Amino acid sequence: MLSNAVQKPNIDYQEASAERLPFADSSVDVITSGQAFHWFDHPKFFDEAKRILKPRGTLAIFGYSFSFIKDNKEATDIIYEYATGELGPYWEPGRQILNNFHRDIPFPFKKVHWYFSHEDLDTTNLGSVSQNQFMEQQITLDRFENYAKTWSAYATYREKHPEAEDPAERMIRRLSKVIKVKDRDTETFTVQWPTVLVVAENDK
């Protein structure tokens, strides 16, 4: 990732664990984490975040769950079956934290705001629903297949069952019939990702 990162004179890249960040006390305005927070040692990370954030500095955590096809429940059900059926046993334990949109993790700050991408995600009335989609993309079937093959559970499944039919390719075949795609490389459809954004203010 570091070797592929955009290089600019005003950007400094450093590799470190979330629980031990190489920054001075009270030196950082904003900490953000995208699609990684569910793997952290949360108490240690929060202690470290409070240490390096300036007073009233911002912690912004976002994560997303399994994608779905906009306005197409049948197609969405196929993706969900792929993600939780065949691949279900091969997700790491942290995945459940993400699937519950971080609600299982207490944020030790006085001011915490929760923002959800879709109305039905805020099942416990924690926050508010965004007026705009956090994550939406027009995508081809070929690109969506490539994306579905990046999932960690897919890699584990293939490692455990190298001779089995590729589950992502089987899912894509089913999906193509439902959304009626004729050209996998050029026709696009709308994919959204159910997303949560948690914003906290450092109160030390």
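Q: Which residue is the bridge partner of Phe116 in strand 5?
A: In this predicted model, Phe116 has Val129 of strand 5 as its bridge partner.

Q: What makes strand 4 and strand 5 count as paired?
A: Two strands pair if at least two bridges are found between them; strand 4 (residues 111-116) and strand 5 are joined over 2 bridges, in the parallel sense, and therefore they meet that requirement.

Q: Why is strand 5 called an edge strand?
A: The open sheet is formed by 5 strands in the order 1-2-8-4-5, with mixed pairing. Strand 5 (128-129), like strand 1 (28-34), pairs on one side only.

Q: How do you know that the buried residues of helix 5 line one face of the helix?
A: The buried residues of helix 5 (residues 152-160) are Ala153, Tyr154 and Tyr157. Seen down the axis of helix 5, they fall within an arc of 100°, so they line one face. These buried residues pack against helix 2 (73-86), helix 4 (141-148) and helix 6 (167-179).

Q: What makes a set of residues a nonpolar core, and which residues have the most contacts inside the largest one?
A: Such a core consists of buried residues of nonpolar kinds, such as Phe, Trp, Met and Leu, joined through side-chain atoms within 4.5 Å. The largest has 29 residues, and those with the most contacts inside it are Phe144, Trp151, Met171, Leu175 and Phe189. Helix 6 gives the most to this core, with 6 residues, while a second, separate core of 24 residues includes Ala18, Phe37, Phe45 and Val196.

Methods
Residues numbered from 1 in each chain as written. Predicted model: local features only at pLDDT ≥ 70, side-chain atom pairs only at ≥ 80, totals over all residues. Heavy atoms only, no water. Buried < 20%, exposed > 50% of the residue type's maximum accessible area, 1.4 Å probe, protein only. Helix = DSSP H or I, 4+ residues; strand = E, 2+ residues; numbered from the N terminus. Arc of directions from axis to C-beta. Contact = heavy atoms within 4.5 Å.
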